[in-house]
Amino acid sequence: MLSLFLAACSKPASEEIGFGHFEGNRYFNEYFGFQINFPKAWSIQDQQAFDSLNELGDDLLAGENENLKAVIRASEATSVNLFAVFKFMPGAPVDFNPSILCVAENLELTPGIKRGSDYLFHVKQLMSLSSMEVNYPKEIYTENLDNNAFDVLEIETGFGGYKVKQLYYVSIVKGYALGIILSYTTEAEKSELLDVIKTMEFSHRN
């Protein structure tokens, strides 16, 4: 829900990289050269549902800040929502629905972003404009997914009286910021999400 950011370009990014595809519970992306396996019972959202969720997240983040709304809307031309997968069906009677989202943003107009930590710097700058309560438990650090380096930002935000936690993994691949966003509220949920992204397999090294 916090996937947005930066500038616009004339060509929609989706025309260049596509959205990837699912075969059963396994997602494949030929452009970025990776695949990831999800538990069979998890709920895979189609592109229309993902776009609707993203719009809701944009509105929650921006609130009444018209300048922030303009920045978010401008970013949509450069960003592609690749997949959104939830542990439960949306609307299930659960306190929180852990999820993994994947987005990619074209960096053609921002050549100063050389690695994930550069991109995450701008994520924090954008977050500072929001009226939401946002905390960062740790400094940005680096982790490997299938021996590919991703920089990681931990985020805590306040929603409805309780805290939602996120891990935002970003790596620069083929001129895009490839972002994987894990959302959870408990350590058990976090562990389950981490087990999922550990199934990622890349056909190349960044």
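**Close-up views of a predicted model**

**Figure 1. Strands β1 and β2 in the predicted model.** Strand β1 and strand β2, the latter covering residues 26-29, pair in the antiparallel sense through 3 bridges. Within this pairing, Glu 23 has Arg 26 of β2 as its bridge partner. The structure shown here and in the views below is a predicted model.

**Figure 2. The open sheet of 4 strands.** The strands follow the order β1-β2-β3-β12, and their pairing is antiparallel. Strands β1 (21-23) and β12 (201-202) stand at the edges; each has a single partner strand, so one side of each is left without a neighbour in the sheet. Further along the order, β2 and β3 run antiparallel and are joined by 4 bridges. Strands β3 and β12 also run antiparallel, with 2 bridges joining them.

**Figure 3. The hairpin of β2 and β3.** These two strands form a hairpin in which 4 residues lie between them. Gly 33, located in the turn, has a positive phi of about 70°. Across the pair of strands, Phe 28 stands opposite Gln 35 in β3.

**Figure 4. The two faces of strand β3.** In a regular strand the side chains alternate between the two faces of the sheet. Strand β3 comprises residues 34-37; Phe 34 and Ile 36 make up its covered face, whereas Gln 35 and Asn 37 make up its uncovered face. Residues of both faces have a place in the pairing of the sheet: Phe 34 stands opposite Phe 202 in β12, and Gln 35 stands opposite Phe 28.

**Figure 5. The salt bridge between Glu 201 and Arg 26.** A search of the whole structure finds 6 salt bridges, and three of them are described in this view and the next two. In the pair formed by Glu 201 and Arg 26, the closest N and O atoms are 3.6 Å apart. The pair links distant parts of the chain, since Glu 201 belongs to strand β12 and Arg 26 to strand β2, 175 residues apart. Glu 201 is partly exposed, with a relative accessible area of 40%. Arg 26, at 17% relative accessibility, counts as buried because the cut-off for that class is under 20%. Arg 26 is also the bridge partner of Glu 23.

**Figure 6. The salt bridge between Glu 192 and Lys 87.** The closest N and O atoms of this pair are 2.9 Å apart. Glu 192 counts as partly exposed, at 27% relative accessibility. Lys 87 is likewise partly exposed, with a relative accessible area of 24%.

**Figure 7. The salt bridge between Glu 154 and Lys 138.** The side chains of Glu 154 and Lys 138 meet at 3.7 Å, N to O. Glu 154 is part of strand β9 (residues 148-159) and Lys 138 is part of the loop between β7 (134-135) and β8 (141-145), so parts that are 16 residues apart in sequence are tied together. Glu 154 is buried, with a relative accessible area of 9%, whereas Lys 138 counts as partly exposed at 46% relative accessibility.

**Figure 8. Leu 101 in strand β6.** Leu 101 is found in strand β6. With a relative accessible area of 6%, Leu 101 is buried. Between Leu 101 and Val 85 there are 16 residues of separation in sequence and 6.4 Å in space, C-alpha to C-alpha.

**Figure 9. Helix α4 and its buried face.** Helix α4 spans residues 116-127 and has 12 residues. From its first C-alpha to its last, α4 reaches 16 Å, close to the 16 Å expected at 1.5 Å a residue. The buried residues of α4 are Gly 116, Tyr 119, Leu 120, Val 123, Leu 126 and Met 127. Seen down the helix axis, these buried residues fall within an arc of 110°, so they line one face of α4.

**Figure 10. Confidence along the chain.** The protein averages a pLDDT of 83, and 77% of the residues score at least 70. Over residues 1-11, pLDDT stays under 50, and the model has 58 contacts beyond four places in sequence for this segment. Residues 59-63 also stay under 50 in pLDDT, with 16 contacts beyond four places in sequence.

Notes: Residues are numbered from 1 along each chain as its sequence is written. This is a predicted model: local features need pLDDT of at least 70, side-chain atom pairs count only at pLDDT 80 or more; totals for chains, interfaces and linings use all residues. Side-chain values use heavy atoms; hydrogens and water are left out. Two strands pair if DSSP finds at least two bridges between them. The expected span of a helix is 1.5 Å times one less than its number of residues. Buried means under 20% relative accessible area, exposed over 50%, partly exposed in between (1.4 Å probe, protein chains only). The arc is that of the directions from the helix axis to the C-beta atoms. A salt bridge is a side-chain nitrogen of Lys or Arg within 4 Å of a carboxyl oxygen of Asp or Glu. pLDDT is the predictor's confidence in each residue, from 0 to 100. Contact means heavy atoms within 4.5 Å.
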